[in-house]
Amino acid sequence: FSLFCAAVLYALSIQPVSKYLLKPLESAYTQPKDLKANCIVVLSAGSYNSKTLDADSLNRLVSGYILYRKTHLPIILSGGYATSTTATADIMKNLLIELGVNPKDIIVDAESNDTNQNALNTSMLCKKYNFNTIILVTSAYHMKRAVFLFKKTKLTVIPYPTDYKENYNYNVYSYFPTLSNLLKSSEALREDLGYLYYKLRG
């Protein structure tokens, strides 16, 4: 049993396995050329008590900011207190304002602590502002589950995946176990289980 556990841990910590788990998630959608929508929705991944964003949230926010510069659409930031004492959406809003985004173009959902709540709360905000088509910005590995849940709210969703994790170039070090590959495998398995859970719930 110990050898089996060690083998599983090794497998999840090397690049070929993390690639195998991530590729179906990250290739589910590609960045669209048609950006005709009513607003941009950026989903947070988390933040720290130091009022800084984690890497996934920052990458998503940068993509949302680039889209804003291209389209000048209002931005909905969705993220609550799941990982810190400050709502992640509020931290994101402050960064966008520092980058020159008009505060009037920013709408904050600071109550959502998971993807299902992101979808439900965003749909209520869209109803309030009469938005029906959104550009959904989140990490590529997270997009499949996010789109599934957002479409349940009857919104028209344009997926805009970002924050790609997997490097598809191999070398001898690809077979050395690393914490980063273990984290990628963990994220992929979590997404697969989360998607299955909501799929079974209907």
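Helices (H or I, at least four residues) and strands (E, at least two) are DSSP runs, numbered from the N terminus. The model is predicted, so local features need pLDDT of at least 70 and side-chain atom pairs count only at pLDDT 80 or more, while totals for chains, interfaces and linings use all residues. Residues are numbered from 1 along each chain as its sequence is written, and side-chain values use heavy atoms, with hydrogens and water left out.

Helix α4 spans residues 88–98, and its buried residues are T88, A89, I91, M92 and L96; buried means under 20% relative accessible area, exposed over 50%, and partly exposed in between (1.4 Å probe, protein chains only). These residues line one face of α4, because down its axis they fall within an arc of 160°, taken over the directions from the helix axis to the C-beta atoms. An α-helix has 3.6 residues a turn, so residues three or four places apart point the same way. The cover over the buried residues of α4 includes β1 (39–43), α3 (55–71), β2 (75–78) and β3 (106–109), where contact means heavy atoms within 4.5 Å. After α4 comes G100, with a positive phi near 105°.

The loop between β5 (156–162) and α7 (179–201) holds Y175, which counts as partly exposed at 44% relative accessibility. Y170 is also found in the loop between β5 and α7 and is partly exposed, at 38%. Leaving out residues up to four places away in sequence, Y170 touches Q15, P16 and K19. The C-alpha atoms of Y170 and Q15 are separated by 7.9 Å, although the two residues are 155 residues apart along the chain.
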